[in-house]
Amino acid sequence: MDSLAEGDNRTNLFGVSRDQLAGLLRGIDDRPYRANQVLKWLYHEREMDVSAMTNLSKPFRTELASMTDVTLPTALSESVSADGTAKWIVNTIDGGAVESVLIPDGRRNTLCISSQRGCSLDCAFCATGKQGFAGNLRVEDMVGQAILARDWLAADAGRGDLTNIVFMGMGEPLMNFESTMTASDIFMDDLAFGLSKRRVTISTAGVVPCILDMCGRTEASLAVSLHAPNDELRDYLVPINRKHPITELLNACREYLASLGDRRIVTFEYTLIEDINDSESIARDLARLLRDFRCKVNLIQFNPIGNSEFQRPSLQRLRRFQKVLMDSKIMVTHRKTRGLDIDAACGQLVGDFADKTKRRSRYARQNAAAM
């Protein structure tokens with residue numbers, strides 16, 4: 001279990017699923033409902049003091065407290081956009097800062113959580129990748145981001161409840177596979193967050209072996225950062241495509257869909273960049289590629305990031321691209337930009353961490369030389 005604080009052999013209660021917790025508790029009490037009781041205290045009663053879990057015996061509580069921890073990440077700062085989007089810089093338990101974004105939309109409150117400190121994939125249009133990579137987040141770091149957002153919403157009854165969680169913040173979730181799966185289990189567990197499997201979405205740039213590993217392991221929704229209809233262009237925008245090209249990626253998506261049943265779809269995220277991947281001819285290529293695929297295409301206008309030569313396309317260009325897909329009977333939506341004024345829009349998250357890859361300093365040197 002990726003749930004232990006360094007130098008401490010205690011298990012973080014927010015870092016384990018129900019099954020993992022049941023296994024842990026067998027050493028104290030082998031009755032399976034004990035895990036249910038502890039989960040209810042943690043997530044429904046929001047009680048973090050084990051000694052206050054009064055339907056457990058005192059000896060049980062004493063032993064549980066000695067072998068577990070309930071530390072959560074903390075918010076270093078909070079920003080709220082003019083459009084209501086909230087962003088937190090979150091201090092992870094073992095150091096470093098990542099960013100989480102809560103997007104309110106009517107009755108829906110969607111939390112975009114981070115799964116890694118930085119990202120190793122370095123997609124061309126994403127600020128996170130330009131910051132380099134420092135490591136994976138623990139389960140409790142991801143769950144803690146959701147608890148932070150849940151509590152923020154609860155502080156004002158008019159804000160509503162946390163309704164959706166998407167693994168679309170910093171990092172590639174499937175390169176932190178086991179922790180992402182466990183966090184998803186917790187988000188979908190009725191005794192924890194109780195979210196529907198359709199309301200927990202795991203996004204990937206295309207880590208094909210891990211998409212296949214998801215089959216039978218989870219029923220979370222799948223979103224794929226596609227951004228191009230051919231390998232040549234996608235190799236440039238999403239470098240992992242050089243290892244797992246589009247045909248291989250789509251085949252893996254079909255296998256995952258087959259594991260879920262006939263009523264589920266894959267969402268393909270498509271960031272439109274002016275004069276790069278936003279022409280009507282490219283839209284026609286995309287329509288041909290996704291013909292007969294159970295999917296939805298989510299169009300996103302490129303959001304500005306530092307020192308990028310890419311440009312944001314006009315809404316008119318987006319509408320023309322969208323019309324080509326709609327005319328081809330492809331389900332397509334436009335994800336409106338939110339949180340732009342606080343650098344919380346898609347592709348803008350950067351956080352603060354020690355870059356093990358030295359990519360950040362390399363880009364800084366390149367930018368300085370170009371000036």
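Predicted model: local features only at pLDDT ≥ 70, side-chain atom pairs only at ≥ 80, totals over all residues.

Trainee: Let's start with helices. At what angle do α1 and α2 cross?
Mentor: Roughly 120 degrees, with the axes of α1 (residues 18-25) and α2 (residues 33-44) coming within 8 Å. The axes are lines fitted to C-alpha atoms, for helices over the stretch in contact, and angles run from 0 to 180 degrees between N-to-C directions. Helices (H or I, at least four residues) and strands (E, at least two) are DSSP runs, numbered from the N terminus.

Trainee: And what do we call that arrangement of α1 and α2?
Mentor: α1 is oblique to α2; under 35 degrees counts as roughly parallel, over 145 as roughly antiparallel, 65 to 115 as roughly perpendicular and the rest as oblique. The crossing of α1 and α2 is right-handed, a label used if the near helix is turned clockwise from the far one by less than a right angle, with anticlockwise being left-handed.

Trainee: Which residues make the contact?
Mentor: Arg18, Leu21, Ala22 and Leu25 come from α1, while α2 brings Arg34, Ala35, Asn36, Val38 and Leu39. Contact means heavy atoms within 4.5 Å. By class, the contact of α1 with α2 has 6 nonpolar, 1 polar and 2 charged residues. Here Ala, Val, Leu, Ile, Met, Phe, Trp, Tyr, Cys and Pro count as nonpolar, Asp, Glu, Lys and Arg as charged, and the others, Gly among them, as polar.

Trainee: How do α10 and α11 lie to each other?
Mentor: They are roughly parallel. The axes of α10 and α11 (residues 315-327) cross at roughly 30 degrees and come within 9 Å, in a right-handed crossing. Glu280, Ile282, Ala283, Arg284, Leu286 and Ala287 of α10 meet Arg320, Phe321, Val324 and Leu325 of α11. That contact of α10 with α11 has 7 nonpolar, no polar and 3 charged residues.

Trainee: Okay, the core now. How many residues does the largest nonpolar core have?
Mentor: It has 107 residues, and those with the most contacts inside it are Tyr43, Val143, Phe187, Phe193 and Phe268. Helix α5 (residues 139-154) gives the most to this core, with 9 residues. A nonpolar core is a set of buried Ala, Val, Leu, Ile, Met, Phe, Trp, Tyr and Cys residues joined through side-chain atoms within 4.5 Å.

Trainee: What does Phe193 touch?
Mentor: Leaving out residues up to four places away in sequence, Phe193 touches Tyr43, Val143, Ala146, Ile147, Arg150, Leu162, Ile186 and Phe187.

Trainee: Which helix does α5 cross at roughly 35 degrees?
Mentor: That is α6 (residues 177-188), and the two axes come within 9 Å. Val139, Met142, Val143 and Ala146 in α5 meet Ser179, Thr180, Thr182, Ala183, Ile186 and Phe187 in α6. The contact of α5 with α6 divides into 7 nonpolar, 3 polar and no charged residues.

Trainee: Switching to loops: where is Pro229, and is it buried or exposed?
Mentor: Pro229 sits in the loop between β11 (221-225) and α8 (231-237). Pro229 is buried, at 9% relative accessible area; buried means under 20%, exposed over 50%, and partly exposed in between (1.4 Å probe, protein chains only). Beyond neighbours within four places in sequence, Pro229 is in contact with Ile246, Tyr270, Ile282, Asp285, Leu286 and Leu289. The C-alpha atoms of Pro229 and Asp285 are separated by 6.0 Å, although the two are 56 residues apart along the chain.

Trainee: What is phi at His227?
Mentor: Near 70 degrees, a positive value in a residue other than glycine. Most residues other than glycine have a negative phi. His227 is also in the loop between β11 and α8, and is buried at 2% relative accessibility.

Trainee: And Asp275: what is its phi, and is it buried or exposed?
Mentor: Phi of Asp275 is near 65 degrees, again a positive value. Asp275 is exposed, with a relative accessible area of 60%, and lies in the loop between β12 (266-272) and α10 (280-289).

Definitions and conventions
Residues numbered from 1 in each chain as written. Heavy atoms only, no water.
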